[in-house]
Amino acid sequence: MQAEQLETLSSLFASNDYRLLIIDSIMALYRTDFSGRGELSERQQVLGQFLRRAAAMAEEFNLVVFMTNQVMSDPGASTLFAGADGRKPAGGHILAHASTTRVLLRKGRGEERVAKIVDSPDCPEREATYIITTGGINDPDKA
């Protein structure tokens, strides 16, 4: 289903009127379509095909592909694959390797939020704090 929707979108991107493809919660449908460890291999293969097609579309139509994802708890994970708090992205290595830059969004103190560059070929690991207001996203020091 996801692959068919991506192909439908490719005709719209061919018009050169669009430069951004946002895929909200990339793993949501894959996690419901495939359940349990018995279907994990098939899920990862289908996900890999989808990600390769999205990357090809980005190259072909000069697009930015922006994906949001879910994190999941993994208390038994080593710190190599999970954060210090035991959270790791859903989708495994295939999703991590398909992403150029990864940003972790989390809640900070009070109304503050934190965006942390986790992996990027162009940017060092760094954090930025922001708040969300009725006027948009603002610097907490200026709000």
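This is a predicted model: local features need pLDDT of at least 70, side-chain atom pairs count only at pLDDT 80 or more; totals for chains, interfaces and linings use all residues.
**Salt bridges between strands**

Arg106 counts as partly exposed, at 28% relative accessibility. The value lies between the limits of 20% for buried and 50% for exposed residues. The side chain of Arg106 meets that of Glu127 in a salt bridge, with an N to O distance of 3.0 Å. Arg106 belongs to strand β5 and Glu127 to strand β7 (residues 127-133), so this pair ties together parts that are 21 residues apart in sequence. Glu127 is likewise partly exposed, with a relative accessibility of 44%.

Strand β5 takes part in another such pairing. Arg102 and Asp119 form a salt bridge through their side chains, at 3.3 Å from N to O. Here Arg102 lies in strand β5 (residues 102-107) and Asp119 in strand β6 (residues 112-119), so the link joins parts that are 17 residues apart in sequence. Both ends are partly exposed: Arg102 has a relative accessibility of 27%, and Asp119 has a relative accessible area of 33%.

A further salt bridge connects Lys116 with Glu125, the N to O distance being 3.4 Å. Lys116 is partly exposed, with a relative accessible area of 24%, whereas Glu125 reaches 55% and is exposed. Glu125 falls in that class because its value is over 50%.

Elsewhere in the chain, Glu7, Arg53 and Glu60 are linked in a network of salt bridges. The search of the whole structure finds 5 salt bridges.

The protein chain carries 16 positive and 19 negative side chains. The centres of the two sets lie 6 Å apart.

The overall fold comes next. The protein chain has 4 helices and 8 strands, which follow one another along the sequence as α-β-α-α-β-β-β-α-β-β-β-β. Its C-alpha atoms fill a box of roughly 45 × 45 × 30 Å along the principal axes. Of the contacts between residues at least 6 apart in sequence, 40% join residues at least 24 apart. The strand pairs described above are 21 residues apart for Arg106 and Glu127.

Finally, there is the surface. Of the 143 residues in the protein chain, 22% are buried. The chain exposes about 10,000 Å², and carbon and sulfur atoms supply 53% of this area.

Methods
Residues are numbered from 1 along each chain as its sequence is written. Side-chain values use heavy atoms; hydrogens and water are left out. Helices (H or I, at least four residues) and strands (E, at least two) are DSSP runs, numbered from the N terminus. Buried means under 20% relative accessible area, exposed over 50%, partly exposed in between (1.4 Å probe, protein chains only). Contact means heavy atoms within 4.5 Å. Accessible areas come from the Shrake-Rupley method with a 1.4 Å probe; for residues, only the protein chains shown count as cover. Lys and Arg count as positive and Asp and Glu as negative; His and the chain ends are not counted. The place of a charge is taken as NZ of Lys, CZ of Arg, CG of Asp or CD of Glu. A salt bridge is a side-chain nitrogen of Lys or Arg within 4 Å of a carboxyl oxygen of Asp or Glu.
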